[in-house]
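Here's a quick briefing to read alongside the structure. Have a look at the picture first, then work through the topics below.

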Amino acid sequence: MEQALEQASRIIAAAKYTVALVGAGISVESGIPPFRGPGGLWTKLGEPAMDGYQKFIADPAAWWTERLSGQDELSEFLKTLDDAKPNAAHYALAEMEQLGLLHHVITQNIDNLHQEAGGREITEIHGNRLKLRCVACGARFPLREFALEEIPPRCHECHGVLKTDTVLFGEPIPRDALWSCDYHTRRCDCMLLIGTSATVYPAAEFPIIAARGGARLVEVNPLETPLSELCQAVLRGPAAEVLPKLVERLREGAGPAGREEKP
Ligand code: APR
């Protein structure tokens, strides 16, 4: 691990524009189960069908009624999201951002824990559980602004139907999020792959696009993934243990080595 930490910190210190691609693994130590592998939600329930979004569009009122009943099969999982707090890995990424060593986070997580840890430069490719989004105009609103008495809730701008901002299976990724992911992926010269099985697209393709563009890859994951062999440094351990150690090394060596200014 020491050697891998040294290698990873050298790569990050030498990089001009570092982006982190983050998955469910980073929030495991916040009490949120991953989706796949040991203790995974889909390992338990089975991978969901790809028609979640079509079902929503077909009958939004029925979808909301079931979601608010607390009886749907995800209610236990959603409860873990309610109780979760950021862990040392989320804080380590926020500190790397403050040190100017991390320029953007692309997260597949809907849990809002990056923001709660102080992170700012974030794209949520699968949306945010604390927001609603209009299926007609794409406008987003904080969930807390809605009493959810009117089902389905309606957009304050165009009166369109509101759904959760989180991306349902079968739903296209919102354009603004996809554009932002593409922008930072093509701009980076270093990408950190943190707690993702790298099996769900389009997110799983970003490291490949980045590597093709010459970026160096650093993986943080207790287990091997399909992208491990593409990485120049691999840190095999839990994110909440590994990332603070990595930041400690970077903090010692920190100093802007010709880094690009934030956009
Ligand atoms: N620290 C770091 N990584 C961890 C930890 C940990 N403590 N615990 C588990 N992992 C790793 C696992 O080894 C696995 O590779 O995190 C990864 C989690 O993989 P998935 O559960 O597949 O999560 P993710 O890659 O984020 O899934 C992508 O799939 O179901 C959809 O929308 C959902 O955003 C999700 C997407």
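Predicted model: local features only at pLDDT ≥ 70, side-chain atom pairs only at ≥ 80, totals over all residues.

Residues are numbered from 1 along each chain as its sequence is written, and side-chain values use heavy atoms, with hydrogens and water left out.

**A few terms**

- Helices (H or I, at least four residues) and strands (E, at least two) are DSSP runs, numbered from the N terminus.
- Two strands pair if DSSP finds at least two bridges between them.
- Buried means under 20% relative accessible area, exposed means over 50%, and partly exposed is in between (1.4 Å probe, protein chains only).

- Strand 1 (residues 18-22) and strand 2 (residues 104-107) run parallel and are joined by four bridges.
- Which way do the side chains of strand 2 point? His104 and Ile106 go one way, Val105 and Thr107 go the other way, and all are buried.
- In a regular strand, side chains alternate between the two faces of the sheet.
- Leu192 has its place in strand 7 (residues 190-194) and is buried, with a relative accessible area of 2%.
- Leu192 and Asp165 are 27 residues apart in sequence and 25 Å apart in space, C-alpha to C-alpha.

- Strand 4 (residues 131-134) runs antiparallel to strand 5, with three bridges joining them; Lys131 has Pro142 as its bridge partner in strand 5.

**Aromatic rings**

- The structure holds seven aromatic pairs. Rings of Phe, Tyr and Trp (its six-membered ring) pair if their centres lie within 6.5 Å; planes under 30 degrees apart count as stacked, over 60 as edge-to-face and the rest as tilted.
- Phe56 and Trp63 are an edge-to-face pair, 5.3 Å centre to centre with 75° between the planes.
- Phe56 is buried at 0% relative accessibility, and Trp63 is buried at 15%.
- Why does the pair of Trp179 and Tyr183 count as stacked? Their ring centres are 5.3 Å apart and their planes are at 10°, so the pair is stacked.
- Trp179 and Tyr183 both sit in helix 8 (residues 175-187), four residues apart, which is about one turn of the helix.
- Trp179 is exposed, with a relative accessible area of 59%, while Tyr183 is partly exposed at 29%.
- Phe35, Trp42, Phe77 and Phe169 form one aromatic cluster.

**Two packed helices**

- Helix 6 (residues 88-98) and helix 10 (residues 239-253) pack at an angle of about 25°, with their axes 7 Å apart.
- That makes helix 6 roughly parallel to helix 10 (angles under 35 degrees count as roughly parallel, over 145 as roughly antiparallel, 65 to 115 as roughly perpendicular and the rest as oblique).
- Helix 6 passes helix 10 in a left-handed crossing, meaning the near helix is turned anticlockwise from the far one by less than a right angle; clockwise would be right-handed.

**Cysteines**

- How many disulfides are there? With a disulfide taken as a pair of cysteine sulfur atoms within 2.5 Å, the count comes to zero.
- Cys158 is in no disulfide, and the nearest cysteine sulfur, that of Cys134, is 3.5 Å away. Cys158 is partly exposed, at 37% relative accessibility.
- The sulfur of Cys190 is too far for a bond, because the closest cysteine sulfur, in Cys188, is 7.3 Å away. Cys190 is buried, with a relative accessible area of 0%.

How values were computed. Axes fitted to C-alpha atoms, helices over the stretch in contact; angles between N-to-C directions.
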